Amino acid sequence: MNLHEYQAKKILKKRGIPIPDFGVASTIEEAKQVVDALGLDEAVVKIQVHAGGRGKAGGVKLAKKPTDILSICKDLIGMKLVNNQTGPGGVIANKVLLTSAVSIQKEYYLGAAQDRERGCPILIASPEGGVEIEEVAKKNPEKILKLPFSIQGGLRSYQLIRFCQFMGFKGEMAKRGAMIAEAVAKAFIDIDASLIEINPLVTTPKGEIWALDAKIQIDDNALYRQKEIAAYYDPTQLTQMERMAKEYDLAYIAMDGNIGCMVNGAGLAMATMDIIKICGGRPANFLDVGGGASKEKIAAGFRIILSDPKVKAILINIFGGIMNCETLAEGILHAAKEYSIHVPLVVRMEGTHVEKGKKLLADSGLKSIPADTLHDAAKKVVEQLHGHTRK
């Protein structure tokens, strides 16, 4: 789950990471209250959306006098950000963050993530902050430091020394920098994060260190034990399909193809998309309804696919194990009662109660095309697509 910048800053500030005072507003009246409460004569105003590239899109502005602050807030509240991260639909900024401006001497990068190759969490640091860390890693990999740390969130003394030397921190600044690195590593474990980024972490001419931006992603599988953070969920940052998928606990990712896919099991879903591509088609989504899906979940998954205007054909590929094929058929028919299906529907099912499931579909009058194998199903759905235009 993604967090807004202001939510990430609240979490990190509680853990002692130096962050300039800030406030959040969703209306001009609230913005004025923030300005008065913080005594802002000038401010940085930043849209709050679940996407990067805000500055390039005009979503981060510096106001040099109080009247400009409110004027900028008026322009930014409700702004739609559209870039390669948001997709063509974009996301709306319902809130803005207001904070005091900081005199920057140098910018750094500090983050924490899971290293899949090493099988442990790592601290990532660079003296080149303020830009995309991926670009730094690509062009200047020697400027990236990776330090593995324990699952208790602890860094060893020699690692902190190496971190400070690599970043160029000395004296009191080294002490503060080491404290921030320790706090980031500990927070990463404590909040079940999959990513923490501070970019930029900056130093000032006065020798201060500040975290000016923050990004946090939380492992969805751990939200059950992060109740406070789970409450930060913002459905306005998701598409209609993504919101519905989350409501029914379905794994859904939109893609740019036109063949809707509904599968049970992540591995089978990936294989289904691969074979669709091999047969000359393009999957419109990844949708895993899970091994123990009910007919209500199946119906919800079907509705999600049908609500995507890009979808011109549908392939359902189910292996009945925990969830049997009869349940699948009931779910399809349940959804078909609510939605008029104007696209070809190819169904491949195998496993528990497969004959009962096939009979339910055959007797229902629903126009569906049966398939025996996964390759047969992919071939049929692509063939149907090429001869079909959505009404």
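This is a predicted model: local features need pLDDT of at least 70, side-chain atom pairs count only at pLDDT 80 or more; totals for chains, interfaces and linings use all residues.

Residues are numbered from 1 along each chain as its sequence is written, and side-chain values use heavy atoms, with hydrogens and water left out.

**Exercise 1. The sheet**

Work out in which order the four strands of the open sheet are arranged.

Solution. 
- Step 1: Find the strands (DSSP runs of E, at least two residues; helices are runs of H or I, at least four; both are numbered from the N terminus).
- Step 2: Follow the pairing (two strands pair if DSSP finds at least two bridges between them). The order is E1-E6-E2-E3, with antiparallel pairing.
- Step 3: Look at the edges, which are strand E1 (22-25) and strand E3 (60-63), each pairing on one side only.
- Step 4: Zoom in on one pair. Strand E2 (residues 43-47) and E3 are joined antiparallel over four bridges, and Ala43 has Ala63 in E3 as its bridge partner.

**Exercise 2. Two packed helices**

Describe how helix H2 and helix H3 pack, using the angle and the distance between their axes.

Solution. 
- Step 1: Recall that two packed helices are described by the angle between their axes and the distance between the axes.
- Step 2: H2 (residues 28-38) and H3 (residues 66-76) pack at about 145 degrees, with axes 10 Å apart.
- Step 3: List the contacts (heavy atoms within 4.5 Å). On the H2 side are Ile28, Ala31, Lys32 and Val35, and they meet Ile69, Leu70, Cys73 and Lys74 of H3.

**Exercise 3. An aromatic pair**

Why is the pair of Phe149 and Phe188 edge-to-face?

Solution. 
- Step 1: Know the cut-offs: rings of Phe, Tyr and Trp (its six-membered ring) pair if their centres lie within 6.5 Å; planes under 30 degrees apart count as stacked, over 60 as edge-to-face and the rest as tilted.
- Step 2: Apply them. The ring centres of Phe149 and Phe188 are 6.1 Å apart and the planes stand at 85 degrees, so the pair is edge-to-face.
- Step 3: Locate the residues. Phe149 sits in the loop between strand E9 (145-148) and helix H5 (157-167) and Phe188 in helix H6 (residues 171-190), so the pair ties together parts 39 residues apart in sequence.
- Step 4: Check burial (buried is under 20% relative accessible area, exposed over 50%, partly exposed in between, with a 1.4 Å probe and protein chains only). Phe149 is buried at 5%, and Phe188 is buried at 1%.

Key
Axes are lines fitted to C-alpha atoms, for helices over the stretch in contact, and angles run from 0 to 180 degrees between N-to-C directions.
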